[in-house]
Amino acid sequence: YFDAGKYLTIAFLKERQGDLAAAYASDLWLSIFVYFAVYVVATAFSFPGATVLTLAGGALFGFWTGLVVVSFASTIGATVAFLMARYFLRDAVQKRFAERLSSLNEGIKRDGDFYLFTLRLVPIVPFFVINLGMGLTPISTARFFFVSQIGMFLGTAVYVNAGTQLAKIDSLKGIMSPAMLVSFALLGIFPIVAKRLVELTKARKIMKGFRRPRSFDYNIVVIGAGSGGLVASYIAAAVKAKVALIEKHKMGGDCLNTGCVPSKALIRSAKTVALANKASDLGMKSIDVKFEFSEVMERVQRVISKIEPHDSKERYEGLGVECIEGEAKILSPYEVKVGGRVLTTKNIIIATGGTPLVPRIPGIETVGYRTSDNIWELRICPKRLLVLGGGPIGAELAQAFHRLGSTVTLVEMANRILGREDEEVSTSVADKFTDEGIEVLVSHKATEFVNRDGCKLLRCESPSGIKEVEFDEVLVALGRQSNIDGFGVEELGIAVTDRKRLASDRFMRTNYPNIFVCGDV
């Protein structure tokens, strides 16, 4: 309304440069005080124009005086904004979004100084957003002030320096002066350099205390020969890296042996039976399909055997990967122990995959439960199959076994199956299951497994009360948990998420810059 923004522009600064310089010359301390107060107020109330004010500091006071004045004015103003957000907004925000903010609060308590320092050093996020946002977190006022003072110092120096050059421009030709070009080049390059410095500092801090070998046996050691580990090894070998691939069980991992390959082979057989059973819908009188369940399961194994050579030790050794059988133990960021050998390596890739999650439901150990790891051992089709869990694994195997002759009951604790999909998708699949004859019990929480008079049953809590489901075999399909135990993760202090997975950045790096993760882990 008052068009106050015109006072915070480079044009206004150039227009009044002479008057401002004269005022500074006539009363140095008053000029500094007025400038300091304006800067603090503008920053405290998040007014736009902090950049122009910083340039003005360099133009009026020169580099060193401008740097000191701007540095303290910006930090004090930022802290006032921080305190206003804290006292007027924090309690309401924390109360409303308590669950979502819990992990953020933990991170701030643990590494808040580093988070704030990084944001101050690499000005991708506007500083006023940082001031207000940090006020909503548990970081202390003293820590905020101290880290902000240090973190903003280099950036302030670059802008104040640019301001000293702007003060010397008398015509448009002045823009092309070498000093001016250097100043603005620094403005562009600084965020990139600062980010790299932060990364190097963080890496040096965490790698401190580990002796770096003078020479390395390998460029990369990959732990786990499942889909992620195989692809990582393949690509590394293709660019002539020296690679060691460690696997303690079967090459190919879950995808080949217990996951993608066997499940899709089973689904194809089950679909063939389903199509035959609805021949009349396809314009045919009938199609008589005769099959033995054991032969279907043997075909699954044949499909695995057919694909197995592509993931074999022989193939990967032919590609230049050294395949080692045994259990790996990460001793340091540069050392992996396996079978009595200690391998030195520049990089480590953890691709240890996951295992089926089995809940601690009373009585579960007494009923001989199956998971996606051992369901493939069945050779007799269960007359009554209970599937516990309505996620992707539970849903696809429930339908496949039903089509192959089992009476299937699917139990899901949530109010719908396939909870990660759009609601329309899960509804469509649930309707299809019901049409085919699969009993779908949503909002049913499994509480106890019982053996009664030679009959196995599951007791569930549901909105309508307690329900008991009888079964011959039970498939536990409640998701997967990452394999992170037993190979040095905890001892080394590799970061783990709240979901018990190895934490990584967008380049799949852990908190150790030369240890990477991929796949289910």
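This is a predicted model: local features need pLDDT of at least 70, side-chain atom pairs count only at pLDDT 80 or more; totals for chains, interfaces and linings use all residues.
Which residues in H6 meet residues in H8?

View 1. Residues are numbered from 1 along each chain as its sequence is written, and side-chain values use heavy atoms, with hydrogens and water left out. From H6, the residues Ile 108, Lys 109, Gly 112, Asp 113, Leu 116, Phe 117, Arg 120 and Leu 121 meet Arg 143, Phe 144, Val 147, Ser 148, Ile 150 and Gly 151 of H8, contact meaning heavy atoms within 4.5 Å. Helix H6 (residues 98–121) and helix H8 (residues 141–151) have axes 8 Å apart, at an angle of about 30°. H6 is therefore roughly parallel to H8, a term for angles under 35 degrees.

**View 2. Helices H13 and H14.** The axes of H13 and H14 come within 9 Å and cross at roughly 135°.

**View 3. Surroundings of Phe 401.** In the largest nonpolar core, which has 31 residues, Leu 266 and Phe 401 touch the most other members; such a core is a set of buried (under 20% relative accessible area, 1.4 Å probe, protein chains only) Ala, Val, Leu, Ile, Met, Phe, Trp, Tyr and Cys residues joined through side-chain atoms within 4.5 Å. Beyond its neighbours within four places in sequence, Phe 401 is in contact with residues including Leu 266, Phe 293, Ile 375 and Val 408.

Technical notes:
Buried means under 20% relative accessible area, exposed over 50%, partly exposed in between (1.4 Å probe, protein chains only). Axes are lines fitted to C-alpha atoms, for helices over the stretch in contact, and angles run from 0 to 180 degrees between N-to-C directions. Helices (H or I, at least four residues) and strands (E, at least two) are DSSP runs, numbered from the N terminus. Angles under 35 degrees count as roughly parallel, over 145 as roughly antiparallel, 65 to 115 as roughly perpendicular and the rest as oblique.
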